[in-house]
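I opened this notebook to record what I looked up in the structure. The entries follow in the order of my reading.

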Amino acid sequence: MPFPFFGDDKSTIARLLSTLPQTGRIEWIGIRPVRREPLVSLPEVEVLTDKHLRGDHARPKPGGKRQVTLIQHEHLAAVGGFLGLDGPVEPGRLRRNLAISGLNLLALKNRQIQLGEEVILEITGECHPCSRMEEELGPGGYNAMRGHGGLTARIIRGGQIRVGDVVRVLEPTISAPA
């Protein structure tokens, strides 16, 4: 049976995977207007269906799995701790588009989430750290990010999002057997 087993009501794993009662919150939004330049923090942004965040230099392919990147807001403090900092790392330094609090993002792989009133993202996979983390965070930056790199997502439905918007996990859709 293909992961994540949503169609099997008798499966314990299906029940466990579908139990996500909490909601999250957008804590930070950032775009990269120019490649390899610092991210710009924004209070709100337009999310373009099957494309990217307006103003971001990235131009992923339609249907691509990495149209937007997310990081677990709670992991910013963990990364800061691994680096010996007194507090959390600033989200823009980690080069992700959105920092989300209140939800375990890793539990959302292959699920859809709604941001605010309009935007729907499909979580497509993990966003592993790259060697740029050594440049940005210093020696050990890459290892500090391992397991905390965030996730990638495809934009299913665009619209406007703002810092403070609620993030909801959507019920899985079950495909009809072929």
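I looked up Arg154 and found it buried, with a relative accessible area of 17% (buried means under 20%, exposed over 50%, partly exposed in between, with a 1.4 Å probe and protein chains only). The model is predicted: local features need pLDDT of at least 70 and side-chain atom pairs pLDDT 80 or more, whereas totals for chains, interfaces and linings use all residues. Residues are numbered from 1 along each chain as its sequence is written, and side-chain values use heavy atoms, without hydrogens and water.

I then noted that Arg154 forms a salt bridge with Glu122, the closest N and O atoms being 2.7 Å apart (a salt bridge is a side-chain nitrogen of Lys or Arg within 4 Å of a carboxyl oxygen of Asp or Glu). The pair links Arg154 in strand 8 to Glu122 in strand 7, 32 residues apart (helices, H or I, of at least four residues and strands, E, of at least two are DSSP runs numbered from the N terminus). Glu122 is partly exposed at 21%.

I recorded a further salt bridge between Arg36 and Glu135, at 3.0 Å, N to O. Arg36 lies in the loop between strand 1 and strand 2 and Glu135 in helix 3, so the pair ties together parts 99 residues apart in sequence. Glu135 is exposed, at 54%, while Arg36 is partly exposed, at 42%.

Leu105 lies in the loop between strand 5 and strand 6.
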